[in-house]
Amino acid sequence: MSYGLIFESLKKNNLQNWLLYTKHDFLKQLSDNSLKKDCFLNYLKQDYLFLIQFSKAWSLAVLKSDNLDEMKISASTVNDLINFEMQLHIDLCDEYGISKKDLESTDERNENIAYTRYVLELGYSGDFLDLLSALAPCVLGYGEIGLNLKDFKPNNIMYQKWIETYASNEYQDVCKNVSQLIDNSFLIRLGNNYKDTYKWVQANKIFNKATLLEVDFWNMALK
């Protein structure tokens, strides 16, 4: 599945690091059932904290929007994160006896702080395109990962549930809406010759940095 013109161009321009992210050992181990439970739980707890900050960043996208359509998609994404994706983490951790209170009392790892604060800082100091460039790798990367892994059937039901969530039609619809938002926002602001602009160079730098921070997050989970 293609996630739009702009995202596919950003991905192609930064493909080597993109594959480090979407083909990471964490995902290989999750799909073949060799991922240690402690690593999965470490990931879930840190990702729960990540999503809190990520939801705030998408809330900033509402603020940075220039029109109602941009506001609607940004606000809808905040709702999906808070009421859909975060609930997945709560439910999965509950299966392992980890309560919501336990999740909220987890210490943020440095890799988590580095990623979320990078995105939030772009939200505060940058413009709408800066913020979307930083947000895209997570939302659309997980959609791609879900589709990549959808035919894998690990014996661990929790691993399977995680894969099914990101491969689901519901999550793919989120990706479709976000990719449409990115396409429209770039083309409205930069025009059809967006690749000739300085802003496009900047967008690639931000996208690549966020992608590498995703790689660091997986590395953290495996420690």
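In this predicted model, a polar atom of the His24 side chain lies 3.0 Å from the backbone nitrogen of Phe26. His24 sits in the loop between H2 and helix H3 (25–31). With a relative accessible area of 8%, His24 is buried, because the cut-off for that class is under 20%. Leaving aside residues up to four places away in sequence, His24 touches Leu19, Val215, Trp218, Asn219 and Leu222.

Helix H1 covers residues 5–13, and its buried residues are Ile6, Phe7, Ser9, Leu10 and Lys11. Residues three or four places apart in an α-helix point the same way, because there are 3.6 residues a turn. What covers the buried residues of H1 includes helix H2 (15–22), helix H8 (128–149), helix H10 (169–190) and helix H11 (198–222).

The cysteines are a separate matter. How many disulfides does the structure hold? The count is 0. A disulfide is a covalent bond between the sulfur atoms of two cysteines. The sulfur of Cys39 is too far for a bond, because the closest cysteine sulfur, in Cys93, is 14 Å away. Cys175 is likewise in no disulfide, and the nearest cysteine sulfur to that of Cys175 belongs to Cys138, at 9.7 Å.

Conventions: Residues numbered from 1 in each chain as written. Predicted model: local features only at pLDDT ≥ 70, side-chain atom pairs only at ≥ 80, totals over all residues. Heavy atoms only, no water. Buried < 20%, exposed > 50% of the residue type's maximum accessible area, 1.4 Å probe, protein only. Helix = DSSP H or I, 4+ residues; strand = E, 2+ residues; numbered from the N terminus. Contact = heavy atoms within 4.5 Å. Disulfide = S-S within 2.5 Å. Polar contact = N/O pair within 3.5 Å; in protein donor to acceptor, adjacent residues only side chain to side chain.
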